[in-house]
Amino acid sequence: MLNFLMAAFDNLTPMNWDVLKPALNFLWQGMLAIFVVIGLIIISVKITSYAIAAANESKKRKEEETQNNNDNQ
Amino acid sequence: MDFLLEGFKALADNPKMIAMWIIGGILIYLAIKKDMEPALLLPMGFGAILVNLPLSPVIGDPANGEHLGIITSLFQVGIEASEAMPLLLFIGIGCMIDFGPLLTNPKLFILGGAAQLGIFVTIILAAMIGFPLNDAASIGIIGAADGPTAILVAMQLASKYVGPIMVVAYSYMALVPIVQPAVIKLCTTKKERMIRMKYSAKQVTPLMRILFPIIVTIVSGLIAPDSLSLVGMLMFGNLLRECGVLKSLSETAQTTFSNIITLLLGITISFQMQADAFLTVETLIIMALGLFAFVFDTIGGVMCAKLINLFSKEKINPMLGAAGISAFPMASRVVAKMGTKEDPGNHLLMHAVGANVSGQIASAIVGGLIIGILGPFCGL
């Protein structure tokens with residue numbers, strides 16, 4: 001059994017430390033990229049929420065003004 | 001009468017097929033008896049038996065002078081050509097997701113991103129063990145805890161291990177309730193697990209719910225164009241749900257459409273479960289690496305939550321970081337259950353759902369990023 005496993009593992013090379021540095025580069029690039037995308041989405045959502053809230057507030061004020069004008073007449 | 005014995009002779013030439021019958025049987029058992037992702041494990045299990053019967057016409061290949069088999073045809077059209085099946089499934093998934101809890105607290109998005117750490121750490125380990133970069137990246141994406149993403153990335157990177165990766169990805173998604181609690185307890189103290197979080201049921205406007213999928217698609221598409229297939233389909237499904245004028249389409253996408261695709265996907269995946277390709281030592285190593293990816297995803301999410309707590313006045317329960325993996329809705333339920341177990345008055349479900357759905361988006365984006373960053377290095 002042990003000989004079988006050893007023979008099977010011959011297909012894979014022992015730990016290859018040469019790939020560690022390029023692979024770590026992928027790690028920081030990948031994690032940075034995901035947080036950049038997430039950050040931009042959060043900012044976009046906040047700006048959009050603010051814009052919608054401001055538009056709703058403005059609409060509400062206009063409606064109140066119209067209501068007041070109608071009441072005064 | 002020799003034709004009656006052809007099957008047995010072929011089986012004698014390749015007895016590994018019997019091992020695949022056993023594996024197929026185990027998948028069917030897990031699906032039925034243990035209720036582990038039955039929608040996928042049962043078709044995969046039965047398919048594993050089907051494709052490993054000698055002289056099986058379901059995997060007939062005209063290149064070998066055979067008649068085109070049904071499973072070969074489904075694989076070529078549904079997965080090999082343009083990864084249509086997993087992408088179409090994402091429409092249904094997008095229809096099922098309510099991003100309201102995430103939009104109420106967009107900071108939870110950060111946890112979704114952090115919970116993808118296991119993907120990259122596993123890529124490093126797989127590459128160091130000796131897997132070629134494209135295979136290492138395809139193995140790492142198991143950590144996305146998302147079947148369609150795993151299939152898409154493995155196919156686009158032309159991995160040799162698509163079959164084991166698919167089986168492992170879907171199997172481990174069902175093991176989330178077993179794997180995560182142990183890792184969470186290792187990374188957190190009881191005091192941290194008892195942190196209560198206020199939930200304000202702030203109403204998200206219908207306009208915001210409609211704009212969100214459009215915003216996510218545009219931002220992801222501009223920064224990570226390779227993620228557009230996954231993110232686009234997910235967000236299209238969500239837009240169908242939130243637009244309010246396509247209720248019948250949304251219901252169809254969530255139910256009948258998703259069920260059809262799931263049914264076909266399960267049996268199509270079994271094309272990659274032929275004995276010669278599946279029964280290798282590499283498959284066992286991929287299973288171990290898949291578990292490693294899930295563990296590090298959980299660690300990444302929890303540690304990110306703890307890091308945020310260092311700078312934030314309003315503390316986040318670190319367990320929410322574990323909900324940031326894409327296994328929806330299981331991860332959120334696991335975290336909510338652990339929260340009430342530690343403190344019966346601590347209701348974390350809505351926060352956990354917010355983190356969980358952010359993980360759905362984050363895993364799709366990471367899938368695209370991996371194809372974009374590593375594709376050129378793999379010569380693709």
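Modeller: Let us begin with the contact; please bear in mind that the model is predicted.

Biologist: How many residues does the contact take from chain A and from chain B?

Modeller: Both sides have to be counted separately. Chain B gives 37 residues to the contact, and the number from chain A is 34.

Biologist: How much area do chain A and chain B bury between them, and what share of it is on carbon and sulfur atoms?

Modeller: The area buried between chain A and chain B is about 3100 Å². The share of this area on carbon and sulfur atoms is 89%.

Biologist: Which element gives the largest share of the side of chain A that touches chain B?

Modeller: Two elements of chain A give two or more residues to this side, namely helix 1 (2–9) and helix 2 (20–72). By type, the residues of this side of chain A divide into 24 nonpolar, 9 polar and 1 charged. The largest share, 24 residues, comes from helix 2 of chain A.

Biologist: Is B:Thr149 buried or exposed, and which side chain does its own side chain join in a polar contact?

Modeller: B:Thr149 belongs to helix 10 (residues 147–156) of chain B. Its relative accessible area is 0%, which is under 20%, so B:Thr149 is buried. Beyond its neighbours within four places in sequence, B:Thr149 has contacts that include B:Phe90, B:Leu230 and B:Gly367. The polar contact, at 2.3 Å, is with the side chain of B:Asp146.

Biologist: How far apart in space are B:Lys16 and B:Leu284, C-alpha to C-alpha?

Modeller: B:Lys16 lies in helix 2 (residues 16–32) of chain B and is partly exposed, with a relative accessible area of 35%. Not counting residues up to four places away in sequence, B:Lys16 touches B:Ala275, B:Asp276 and B:Leu279. B:Lys16 and B:Leu284 are separated by 268 residues in sequence, and their C-alpha distance is 15 Å.

Biologist: How many aromatic pairs does the structure hold over all chains, and why is the pair of B:Phe131 and B:Tyr161 classed as it is?

Modeller: Over all chains there are 5 aromatic pairs. In the pair of B:Phe131 and B:Tyr161 the ring centres are 5.5 Å apart; the planes stand at 90°, which is over 60, so the pair is edge-to-face.

Biologist: Where do B:Phe131 and B:Tyr161 lie?

Modeller: B:Phe131 is buried at a relative accessible area of 3%, and B:Tyr161 also counts as buried at 8%. The pair links distant parts of the chain, 30 residues apart. B:Phe131 is in the loop between helix 8 (117–129) and helix 9 (133–140) of chain B, and B:Tyr161 is in the loop between helix 10 and helix 11 (162–174) of chain B.

Biologist: What kind of aromatic pair do B:Phe292 and B:Phe296 form?

Modeller: Both residues lie in helix 18 (residues 281–311) of chain B, 4 residues apart, about one turn of the helix. B:Phe292 is partly exposed at 25% relative accessibility, and B:Phe296 is partly exposed with a relative accessible area of 25%. With 4.6 Å from centre to centre and 40° between the planes, the pair is tilted.

Terms used: Residues are numbered from 1 along each chain as its sequence is written. Chains are lettered from A and ligands numbered from 1 in the order in which they are written. This is a predicted model: local features need pLDDT of at least 70, side-chain atom pairs count only at pLDDT 80 or more; totals for chains, interfaces and linings use all residues. Side-chain values use heavy atoms; hydrogens and water are left out. Contact means heavy atoms within 4.5 Å. Buried area is the accessible area (1.4 Å probe) that two parts lose on being put together, summed over both. Ala, Val, Leu, Ile, Met, Phe, Trp, Tyr, Cys and Pro count as nonpolar, Asp, Glu, Lys and Arg as charged, and the others, Gly among them, as polar. Buried means under 20% relative accessible area, exposed over 50%, partly exposed in between (1.4 Å probe, protein chains only). A polar contact is a pair of N or O atoms within 3.5 Å; within protein, one must be able to donate a hydrogen and the other to accept it, and residues adjacent in sequence count only if both atoms are side-chain atoms. Rings of Phe, Tyr and Trp (its six-membered ring) pair if their centres lie within 6.5 Å; planes under 30 degrees apart count as stacked, over 60 as edge-to-face and the rest as tilted.
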